[in-house]
Amino acid sequence: MGRLNDFSPLLLALEGTGITFLATVLGASAVFFFKKEVSPQWERGFLGFAAGVMIAASVWSLLIPAIEMAEEQGSIGWVPAAGGFVTGGLFLLLLDRLIPHLHPGSRNPEGPKSPLGRSTLLVLAVTLHNIPEGMAVGLSFGLAAQAGSGVTLAAAFALATGIALQNIPEGAAVALPMKREGLSNGKAFLFGAASGLVEPMGGVAAVLVAGTVQPLMPWFLSFAAGAMIYVVVEELIPEAHLGEHSHVGTGGVMLGFLVMMILDVALG
């Protein structure tokens with residue numbers, strides 16, 4: 001699969017992030033089929049898998065292309081990669097401090113005090129995680145539409161597939177606790193699905209901004225990588241182990257990394 005240079009970068013970004021959004025919707029539909037939440041062991045495995053996918057995607061789909069693109073522009077490859085990476089992590093740290101949110105399985109909200117209900121805070125927590133994912137997928141598809149970018153449409157689809165695979169259990173992880181909180185199946189589904197809306201929004205916004213200043217594209221790619229690694233280290237891996245050694249969580253990380261690596265290398 002090659003590049004579709006005749007297509008608008010924005011249209012392709014919307015298509016790619018639409019795939020990941022639909023995966024979240026699919027996961028949220030679990031409320032119609034399961035009466036109870038996913039078992040802790042399965043949840044640890046899902047969280048680990050998501051972490052592994054995001055680590056591999058950050059390296060193969062974001063940082064390496066950022067370094068190569070910077071070198072093609074005549075810059076020192078590691079400078080925008082390192083600068084964007086740090087900036088992305090600091091951006092997520094700032095959002096973590098400024099936006100009230102509640103992680104699934106947690107009793108105490110994080111961020112500033114807020115009158116928002118638990119359901120809304122749960123959605124906000126997953127929304128924070130989805131911002132860098134949407135940016136990563138949107139930028140990859142946007143680059144695939146540009147001649148000479150070095151990013152193929154197949155590589156962009158590989159990234160979208162990996163993110164979509166981990167969005168399915170993520171959608172369920174939002175919707176099922178909503179059901180436990182007393183919401184109807186329909187409302188719990190809508191909350192779970194809504195948590196993925198930020199991915200198309202983030203992807204299109206990233207392409208709009210980065211497309212206007214092409215030399216900054218390596219910075220935006222590494223920015224998305226830094227933001228995703230922040231999510232992995234701050235939230236996913238600790239939750240996958242829940243304060244103790246978890247072979248299921250560790251296995252999930254390794255499996256997710258392996259799947260994303262194979263997808264990117266085989267299709268990219």
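These questions and answers go through a predicted model of one chain.

Q: How many helices and strands does the secondary structure of the chain come to?
A: The pattern along the sequence reads α-α-α-α-α-α-α-α-α. The count for the chain is 9 helices and 0 strands.

Q: What share of contacts between residues at least 6 apart in sequence joins residues at least 24 apart?
A: The chain has 268 residues, and buried residues make up 53% of them. Among contacts between residues at least 6 apart in sequence, the share that joins residues at least 24 apart is 80%.

Q: Are helices H4 and H5 roughly parallel or roughly antiparallel to each other?
A: Helix H4 covers residues 118-144 and helix H5 covers residues 153-180. Their axes come within 10 Å and cross at roughly 170°. Angles over 145 degrees count as roughly antiparallel. H4 and H5 are therefore roughly antiparallel.

Q: How many nonpolar residues does the contact of H4 with H5 have?
A: The axes of H4 and H5 come within 10 Å. By class, their contact has 4 charged and 6 polar residues, and the nonpolar residues number 16.

Q: Which residues does Ala 156 touch, not counting those up to four places away in sequence?
A: Ala 156 is found in helix H5. Its relative accessibility is 0%, so Ala 156 counts as buried. The C-alpha atom of Ala 156 is 8.7 Å from that of Leu 139, 17 residues apart along the chain. Beyond four places in sequence, Ala 156 touches Ser 140, Phe 141 and Ala 144.

Q: What distance separates the C-alpha atoms of Ala 125 and Pro 100?
A: Ala 125 has its place in helix H4. With a relative accessible area of 1%, Ala 125 is buried. Ala 125 and Pro 100 are 25 residues apart along the chain, and their C-alpha atoms are separated by 8.0 Å.

Q: Which side chain of opposite charge is nearest to Glu 133, and how far away is it?
A: Glu 133 lies in helix H4. Glu 133 is buried yet has no salt bridge. A salt bridge needs a side-chain nitrogen of Lys or Arg within 4 Å of a carboxyl oxygen of Asp or Glu. For Glu 133, the nearest side chain of opposite charge is Arg 44, at 19 Å.

Q: Which residues is Glu 133 in contact with, leaving aside neighbours within four places in sequence?
A: Glu 133 is a residue of helix H4, and it is buried. Leaving aside neighbours within four places in sequence, the contacts of Glu 133 are Met 54, Ile 163, Gln 166, Asn 167, Glu 170, Glu 199 and Met 228.

Q: How far apart in space are Thr 24 and Glu 170, C-alpha to C-alpha?
A: Thr 24 has its place in helix H1, residues 9-28. A relative accessible area of 1% makes Thr 24 buried. Outside four places in sequence, Thr 24 is in contact with residues including Asn 167 and Gly 171. Thr 24 and Glu 170 are 146 residues apart in sequence, and their C-alpha distance is 6.7 Å.

Q: Is Gln 73 buried or partly exposed?
A: Gln 73 lies in the loop between helix H2 (40-72) and helix H3 (78-98). Its C-alpha atom is 7.4 Å from that of Pro 215, 142 residues apart along the chain. Buried means under 20% relative accessible area, and exposed means over 50%. With a value of 36%, Gln 73 is partly exposed.

Technical notes: Residues are numbered from 1 along each chain as its sequence is written. This is a predicted model: local features need pLDDT of at least 70, side-chain atom pairs count only at pLDDT 80 or more; totals for chains, interfaces and linings use all residues. Side-chain values use heavy atoms; hydrogens and water are left out. Axes are lines fitted to C-alpha atoms, for helices over the stretch in contact, and angles run from 0 to 180 degrees between N-to-C directions. Helices (H or I, at least four residues) and strands (E, at least two) are DSSP runs, numbered from the N terminus. Angles under 35 degrees count as roughly parallel, over 145 as roughly antiparallel, 65 to 115 as roughly perpendicular and the rest as oblique. Ala, Val, Leu, Ile, Met, Phe, Trp, Tyr, Cys and Pro count as nonpolar, Asp, Glu, Lys and Arg as charged, and the others, Gly among them, as polar. Buried means under 20% relative accessible area, exposed over 50%, partly exposed in between (1.4 Å probe, protein chains only). Lys and Arg count as positive and Asp and Glu as negative; His and the chain ends are not counted. Contact means heavy atoms within 4.5 Å.
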